[in-house]
Amino acid sequence: MPLNDLLKKVQTSTARIGVIGLGYVGLPVAAMFAEAGFSVTGIEIREDRVAVINSGKSPIEGDEPGLNDLLARVASSRKLHATSNYQELQDCDIVLIDVETPVDEHHIPRYQALQAALKSLAGVLKSGALVVVESTIAPGTMRGLVLPALETGGRKVNRDFYLGNCPERVMPGRLLQNLRTLSRVVGGGSPETADVMKALYALVVQADLDAVDWVTAELVKTVENAYRDVQIAFANEVALICEQMGADIWQVRGLVNKSPFRNMHLPGAGVGGHCIPKDPWLLAYGVRDSGLPLRLIPAAREVNEWMPGHMAELTRAALAAVGKEISSARVLVMGYAYLENSDDTRNSPSETAIRSLKEMGAQVVVHDPYVAEYNSDLFELAAGCDAAVVMVKHDLYSSLDLGKLKSALRLPILVDGRAVFTSEAAEKAGLRYSLVGKAVSGTE
Ligand code: SAJ
């Protein structure tokens, strides 16, 4: 099908759309295009999720404003249909790919999910269809991996199919809001392809859609998150300096940001999630064979990966200050998700902090109101614990009765990795309070 025929189908919402991967990105994307009037087929390999989605519910646990209602609407109107069967993509004029693209412990991208999706898609791809990779990928992946995977059986891009890269900018807790209101780069395999992509996304995105080539789209996405990672690492390194200097990073940061053109990010217990810890390594992977020595981006990762272990060290020191060996202590870790008010635990800093605490010999119990495995009663968990370590700024913790926590704990020690509390409130409740980036109170 020539591109202008495809354009007409987009403009009349008669194009059939396929979305491969119904996770944090694919599910809201599929629902939004269904809401825009398209018939959408969602491919999801997890059968249990297929059933939940077809019943009009969301398998995503955390607070996602509007998503449940939207899914109920598009499922009942049958505009969105989930399946595990790739054959159901054979009539699709447009296929969006939203599968995970993690990096392994050696910081190498693991493209198995992407390669499997491309292989299955190549077997059913309709002639003249547009394929758009929305997953975050290393610069050069479109040309080096995606294109060859689809140019099989004599098929040629810009003749037999069209190919684009349009990275998403979602964030758990704001999936729909971000998809609708944040600008996007539209990486087309040709300017004409970018034009059709812009017409498609303009139906669901109320923000700039900037047509670029593939490598620019790949760079914008990975660079914007590497930028954030470096900014957070700077805040974390200054936090460590403040601890050594007996200063308070939270005061220093506030005053630094009074200076024009400063925007010091938040120091904390670490950097988790599906984007920030991974995308700097995807960016670096793009230039792996160039001989260009990257120093700042890897160093920022090292600083941020240091912080969860530092939380364990702050806990050890706080216990030692009252004569308690961490090797015989029982510690409550508050917060397992990587982000406040979310159930998303991917690359959670808490996992690293818990491992460090256990390596020090501590017994560890975990609480998280959003994570099913850990959402038992906080105060019951706190009973018999010698310290509580806050790793995530869940709203529930911000409104916590500290006096009740102090009464539940065996030793009154609170270590705060996200400035959820203040030393005044903690000490008023009778707790010895340690805050990341600030010298331990009661010892200066
Ligand atoms: N974090 C800090 N200090 C900060 C900000 C974040 O320690 O100043 C930590 C968080 O606690 C979390 C991790 O970093 O563990 C990531 O936090 P995030 O706010 O960056 O949340 P993400 O991972 O969902 O980031 C996404 C990204 N968006 C996309 O990839 C599309 C990121 O680029 C956005 O800036 C962020 O959402 C957002 O603010 O929307």
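The structure examined here is a predicted model.

Helices α2 and α4 were considered under this scheme. Helix α2 covers residues 26–35, and helix α4 covers residues 67–76. Their axes lie 9 Å apart and meet at an angle of about 55°. The two helices are therefore oblique to each other. The crossing of α2 past α4 is left-handed. On the α2 side, the contact is formed by Leu-27, Pro-28, Ala-31, Met-32, Ala-34 and Glu-35. On the α4 side, Leu-67, Leu-70, Leu-71, Arg-73 and Val-74 take part. Nine of the contact residues are nonpolar, two are charged and none is polar.

Helix α9 spans residues 214–245, and helix α11 spans residues 279–286. Here the angle is about 125°, with the axes 8 Å apart. This angle makes α9 oblique to α11. The crossing of α9 past α11 is left-handed. Helix α9 contributes Leu-219, Lys-221, Thr-222, Val-223, Asn-225, Ala-226 and Asp-229 to the contact. Helix α11 contributes Asp-279, Pro-280, Leu-282 and Leu-283. This contact comprises six nonpolar, two polar and three charged residues.

Two loop residues were also examined. Ser-135 sits in the loop between β5 (130–133) and α6 (141–150). Its relative accessible area is 5%, so Ser-135 is buried, the cut-off being under 20%. Beyond its neighbours within four places in sequence, Ser-135 touches Ile-97, Asp-98, Val-99, Thr-101 and Asn-165. With Val-99 there is a polar approach: a polar atom of the Ser-135 side chain lies 2.6 Å from the backbone oxygen of Val-99. Arg-110 is 25 residues from Ser-135 along the chain, and the C-alpha atoms of the two are separated by 12 Å.

Pro-172 lies in the loop between β6 (162–165) and α7 (175–181). Pro-172 is buried because its relative accessible area is 6%. Leaving aside neighbours within four places in sequence, its contacts are Tyr-24, Glu-64, His-274, Tyr-338, Leu-339, Ser-342 and Asp-344. Glu-64 is 108 residues away from Pro-172 along the chain. Even so, the C-alpha atoms of Pro-172 and Glu-64 are separated by 7.3 Å.

Technical notes. Residues are numbered from 1 along each chain as its sequence is written. This is a predicted model: local features need pLDDT of at least 70, side-chain atom pairs count only at pLDDT 80 or more; totals for chains, interfaces and linings use all residues. Side-chain values use heavy atoms; hydrogens and water are left out. Axes are lines fitted to C-alpha atoms, for helices over the stretch in contact, and angles run from 0 to 180 degrees between N-to-C directions. Helices (H or I, at least four residues) and strands (E, at least two) are DSSP runs, numbered from the N terminus. Angles under 35 degrees count as roughly parallel, over 145 as roughly antiparallel, 65 to 115 as roughly perpendicular and the rest as oblique. A crossing is left-handed if the near helix is turned anticlockwise from the far one by less than a right angle, and right-handed if clockwise. Contact means heavy atoms within 4.5 Å. Ala, Val, Leu, Ile, Met, Phe, Trp, Tyr, Cys and Pro count as nonpolar, Asp, Glu, Lys and Arg as charged, and the others, Gly among them, as polar. Buried means under 20% relative accessible area, exposed over 50%, partly exposed in between (1.4 Å probe, protein chains only). A polar contact is a pair of N or O atoms within 3.5 Å; within protein, one must be able to donate a hydrogen and the other to accept it, and residues adjacent in sequence count only if both atoms are side-chain atoms.
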